Amino acid sequence: MAGHTPGPWSVAYHDGNDQAVVSGPHTEIATCWHHCVVELETQMQANARLISAAPDMLEALEAAVADLEQTLRWRGEGWECSEDELLGKARAAIAKARGAA
């Protein structure tokens, strides 16, 4: 499976229909539509910002999981602790982003 388009991603411009376009270094990633409903304009912009943050969030989550795993090993608590649920959710989100879920 191919990986995602490398970041950084940004809300680079609006197309001719005033839709938010999320772009990577050399490619368009997504177009967020609001169907000419004024109330959805703010939501469209928020969706575009969330999509553009995806590579950064994935990188941060992977680093957080690695740090937490190291901390748990250092403390010798194993996986039977409160952090286990957090790690499970984080790993599931990473797998979803990587296309493995």
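Pocket rules, before I use the word: on a 1 Å grid over the protein atoms alone, a pocket is an open set of points with protein on both sides within 12 Å along at least five of seven lines, whereas a cavity is a set of points where a 1.4 Å probe fits but cannot get out. Lining residues have an atom within 4 Å of a point.

**Ground rules**

I am working on a predicted model, where local features need pLDDT of at least 70, side-chain atom pairs count only at pLDDT 80 or more, and totals for chains, interfaces and linings use all residues. Residues are numbered from 1 along each chain as its sequence is written, and side-chain values use heavy atoms, with hydrogens and water left out.

**Entry: the largest pocket**

I counted 13 residues in the lining of the largest pocket, and Ala54, Pro55, Met57, Leu58 and Ala97 lie nearest its centre. The volume comes out at about 200 Å³, taken as the space filled by probe spheres set on grid points that are joined across faces, edges and corners.

Which helices supply at least two residues each of that lining? They are H1 (38-75) and H2 (83-98), and H1 gives the most, with 6 residues. Helices here are DSSP runs of H or I with at least four residues, strands are runs of E with at least two, and both are numbered from the N terminus.

I sorted the lining by class and got 11 nonpolar, 1 polar and 1 charged.

**Entry: confidence and layout**

I checked pLDDT, the predictor's confidence in each residue from 0 to 100. The chain mean is 78, and 80% of the residues reach 70 or more. Strand E1 (residues 10-14) has the lowest confidence at a mean of 75, while strand E2 (residues 20-23) has the highest at 88.

I read the order along the sequence as β-β-β-α-α, from 3 strands and 2 helices. Of the 101 residues in the chain, 25% are buried (under 20% relative accessible area; exposed is over 50%, partly exposed in between, with a 1.4 Å probe and protein chains only). For contacts (heavy atoms within 4.5 Å) between residues at least 6 apart in sequence, I get 33% joining residues at least 24 apart.

I looked at how E2 pairs with E3 (residues 28-32) and found 4 bridges in the antiparallel sense; at least two DSSP bridges are needed to call two strands paired. The two strands make a hairpin with 4 residues between them.

Val22 sits in E2, opposite Ala30 in E3. Why do I list Val22 as buried? Because its relative accessibility is 0%. Ala20 and Val22 point one way from E2, Val21 and Ser23 point the other way, and all are buried. In a regular strand the side chains alternate between the two faces of the sheet.

Beyond four places in sequence, Val22 is in contact with several residues, including Trp9, Glu28, Ile29, Ala48 and Ile51. Its C-alpha is 5.5 Å from that of Ser10, which is 12 residues away along the chain.

**Entry: Val11 in E1**

Val11 belongs to E1 and is partly exposed, because its relative accessibility is 29%. Leaving out residues up to four places away, I have Val11 touching Ala20, Val21, Val22, Gln45, Ala48, Arg49 and Ser52. Val11 and Gln45 are 34 residues apart in sequence, with 8.5 Å from C-alpha to C-alpha.

I flagged the peptide bond from Gly7 to Pro8 as cis, with omega near 0 degrees; Pro8 is in the segment before E1. Most peptide bonds are trans.

Pro25, in the loop between E2 and E3, touches Thr5, Pro6, Gly7 and Pro8 once residues up to four places away are excluded. At 47% relative accessibility, I put Pro25 down as partly exposed.

Is Leu50 buried or exposed? Leu50, in H1, is exposed, with a relative accessible area of 52%.

Definitions and conventions
Ala, Val, Leu, Ile, Met, Phe, Trp, Tyr, Cys and Pro count as nonpolar, Asp, Glu, Lys and Arg as charged, and the others, Gly among them, as polar.
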